Amino acid sequence: MQDNFSRILRTVAEGEEVQITRRKDVVARIVPDSGERADTYPDFVARAEELFGGSPGTPVSELLNRDRGERL
C-alpha cells in the first residue's frame, strides 16, 4: 500500500472501494466520500427543555460573567 498510495487514492476518487489486506484477510477499507456528514449530534438544548421545561432563572453565561467580573 505505501508504494502505491497515489494510485489507490486515484482509484478511490474514481468511485471504487479499495480493500487493504494482510495475509489475505481484509483489515481496512478505503471508500469514496459520500459528501454527507456521517456524524450527527443530538440537540441537547431541546432535550433539556423537553425534560425541564424551559430555562427559568439566570443563564449560566451571565452568572459566569458576574463572577469573573468580580475577580478582575
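**Figure legends for a predicted model**

**View 1. Charges of the protein.** In this predicted model, the mean position of the 11 positive charges and that of the 14 negative charges are 9 Å apart. Lys and Arg count as positive here, and Asp and Glu as negative.

**View 2. Order of helices and strands.** The protein has three helices and two strands. The protein is more spread out than a compact globule, because its radius of gyration is 25 Å, well over the 11 Å that the globule rule gives for 72 residues. The C-alpha trace spans about 60 × 35 × 25 Å along the principal axes of the protein.

**View 3. Surface of the protein.** How many of the 72 residues count as buried? The share is 6%, where buried means under 20% relative accessible area. The accessible surface of the protein comes to about 7,000 Å². Carbon and sulfur atoms account for 50% of this surface.

**View 4. Helix α2 and its cover.** Helix α2 runs over residues 44–52. Among its nine residues, the count of buried residues is zero, and the helix is hardly covered.

View 5. Which residue caps the N-terminal end of α2? The cap is D43, with a side-chain oxygen that lies 3.3 Å from the backbone nitrogen of A46.

Methods:
Residues numbered from 1 in each chain as written. Predicted model: local features only at pLDDT ≥ 70, side-chain atom pairs only at ≥ 80, totals over all residues. Heavy atoms only, no water. Helix = DSSP H or I, 4+ residues; strand = E, 2+ residues; numbered from the N terminus. Rg over C-alpha atoms; globule rule 2.2 N^0.38 Å. Buried < 20%, exposed > 50% of the residue type's maximum accessible area, 1.4 Å probe, protein only. Areas by Shrake-Rupley, 256 points an atom, 1.4 Å probe, with all protein chains shown as cover. Charge placed at Lys NZ, Arg CZ, Asp CG, Glu CD. Polar contact = N/O pair within 3.5 Å; in protein donor to acceptor, adjacent residues only side chain to side chain.
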